[in-house]
Amino acid sequence: MVDDRTSTIKLPNLHSPPKPVIVYGTFIVLLFLPLIISTPLATEILIWTIFGLGFNLLLGYTGVLSFGHAAYFGLGAYAAGLAFRYLDASVPVGIIMGILAAMLLACIIGALAIRSKGVYFAMISLAFGQMLYFLALSPLKGITGGEDGLTRIPSLDFLSFSLGKPLPLYYFVCIITGIMLFVTWRILQSPFGKLLQAFRENEERAKACGYNTTLVKYCSLVISAFYAGLAGALNTVYLSYVPLSTLFWLTSGTMVMMTILGGKGTFLGPLLGVGVFLFLQNTISLFTPRWELFVGAIFVVIILVFPGGIMGTLTEKFAAFRMRRQGE
Amino acid sequence: MSEIPWNVIAMQLFFGIALGCIFVLLSSGMSIIYGLLDVVNFAHGTFAMLGAYAVFVVVSLSDSFFVGIVSAVVIVGIIGMVIEFLLLKPLYGKDPLLPLLLTFGLSVAIPDFMKIVFGLIGKPISFPDALSGAITLGPLTLPGYRLFIIIFTLVVMISLWLFLKKSDLGMIIRASTRDSQMVQTLGINVSRIWTVGFGMGVGLAALAGAIAAPMMSATPDMGVDMTMTAFVVTVVGGLGSLGGAIVGGLFIGLVVAFTSYVASAYSSVAMYFCMAVILLVRPRGLFGEQGRE
């Protein structure tokens, strides 16, 4: 086959991990987000950011493209929803159920598919995601509510704060987002995180160095499912309802678009991508219900012109600017 | 199974093969594109959807279903070649995931565009008169259109095989699939061969959409399911293998037909389940080459 098609994309600032001030600074900015935009939108941004942090760990830092992350997000949402509705579970218990269910699924799908090479894994993960969607749609209708989604989830309290109200809910999600930002940062600093990036750069060499690439990719997938399950469960808390669309392939596709838009393999990429995407989606749908046309077209342009996404392109331009300054 | 009379089984077999034929056309296009360009075409089903709409437009203008099928292939093939030339070419030599992501973007944007042009509601396409009847074969009554699909697919696949084996262009395409740099060295413009190959693959998808259209009517969202089916067939048959596309397509067609008879709720799930089993037993697919999975 064509041998010269190896990765030649310029990668954004690999060797300098985000400084601690960026992590804490972002968290402080997030605390004031409801002052700028509506609280529900801000909550939605945070939930998708958690999802995106995990997805970016897999796509951006490990180099594995999954098109089936809706499965983990949706399963997390359903597991939490079922726990709230039938077991009368408390908020932390429901969220933990969602996370565990998503991770278990990732363990199974990963065992079947993670050995496959790039594009092949993308196809297989997508197909498994659709399998779950169709399972929830018709054969498991009795449990999942089929097309109507999972309804009648009781209103939830956490430490005597009612999570039915927008602001307490926002700060609840915001604290979890802060924790996950910190955790992601620590993962990237750890030897494991360095290993992930080594695989993305050159899997063959990492293998030759004696690392078990399959096992590390597998772990990366399961960790990423942790984030997706958490985000799914939080989405259930946020909506008090689980729409069937959480399992639909477009949920996976949206995540892919958000991550690429923000800049895969950059620390703040997912947050930025989610923010810009949801803002675009909300703005365009004011004018036309056909927002997918515009979002899809924008995505195509980004792939062609700015494959590094917003953060990647900014980092690159900034680096070029500094080089020129030094040259003068 | 013993309660099911044999003629019901024979009917399901027939329906399964007819459905499988559509999958064969769809996935062989996908295989050609992957074999030649190393591109997984996420918008494959979207092109099939365009084929179905092309048939709808041409049939309403010319009143001939066969003119419709031919022009669907030509129109969509040309659209595909333009897209390959303008959008995909700049991505060769970069990250191998980028073409997949680009075609994914197309599969999000194009159906919405079709919704603006043709509306949300599907466009029905009537069966051509000559094929709308049924043919009695002993105790079996076979719907004529499905019989047509089987014969038509047979003719298309044999011509495709002859084209690839016997013609000069077919030989160049096979050679480029094997080693495009060597072909380039021999003084052949491989870049142009890629464009032609993409057009051909997409044309086959359009053909699948076109002949499926009278049975399911053309809707903007039909593409996603077809892409999904093409993926499953490709995983089952083996990525980039034409033989795999044929066997995998027929196999999945039969699986869908029989599960919709035995347990209709599971008909959409069954093919994914088959895929999981194949992955477990033979990760490279039935006909996949070693090392390409």
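A word on conventions: residues are numbered from 1 along each chain as its sequence is written, while chains are lettered from A and ligands numbered from 1 in the order in which they are written. Since the model is predicted, local features need pLDDT of at least 70 and side-chain atom pairs count only at pLDDT 80 or more, whereas totals for chains, interfaces and linings use all residues.

Let me start with confidence, where pLDDT is the predictor's confidence in each residue, from 0 to 100. Chain B averages 86, with 97% of the residues scoring at least 70. Within chain B, strand β1 (residues 134–137) has the lowest confidence, at a mean of 76, and helix α3 (residues 65–88) the highest, at 92. For the complex, the predictor gives an ipTM of 0.85 and a pTM of 0.87.

Chain B has 11 helices and 2 strands, and from the N terminus on the order reads α-α-α-α-β-β-α-α-α-α-α-α-α. The C-alpha trace of chain B spans about 60 × 50 × 35 Å along its principal axes. The radius of gyration is taken over C-alpha atoms, and the globule rule is 2.2 Å times the number of residues to the power 0.38; for 293 residues a compact globule would have a value near 19 Å, and chain B has 19 Å, which agrees.

As for burial, a residue is buried if 20 or more other C-beta atoms lie within 10 Å of its own, exposed if 12 or fewer, and partly exposed in between, with C-beta atoms placed from the backbone. By that count, buried residues make up 53% of the 293 residues in chain B. After α2(B) comes D63(B), whose phi is positive, near 70°. Helix α10 (residues 242–262) of chain B, with 21 residues, should span 30 Å, and its end C-alpha atoms are 30 Å apart, in agreement; here 15 of the 21 residues are buried.

Turning to the interface, two residues are in contact if their C-beta atoms, placed from the backbone, lie within 7 Å. On that basis, 44 residues of chain A are in contact with 43 residues of chain B. On the side of chain A that touches chain B, α6(A) gives the most, with 13 residues.

Finally, the core: a nonpolar core is a set of buried Ala, Val, Leu, Ile, Met, Phe, Trp, Tyr and Cys residues joined through C-beta atoms within 7 Å. The largest one has 201 residues, and those touching the most other members include A102(A), A127(A) and V55(B). Helix α1 (residues 6–37) of chain B supplies the largest share of this core, 16 residues. Leaving aside neighbours within four places in sequence, V55(B) is in contact with G68(B), I69(B), A72(B), I125(B), A210(B) and A213(B).

Definitions and conventions
Helices (H or I, at least four residues) and strands (E, at least two) are DSSP runs, numbered from the N terminus. The expected span of a helix is 1.5 Å times one less than its number of residues.
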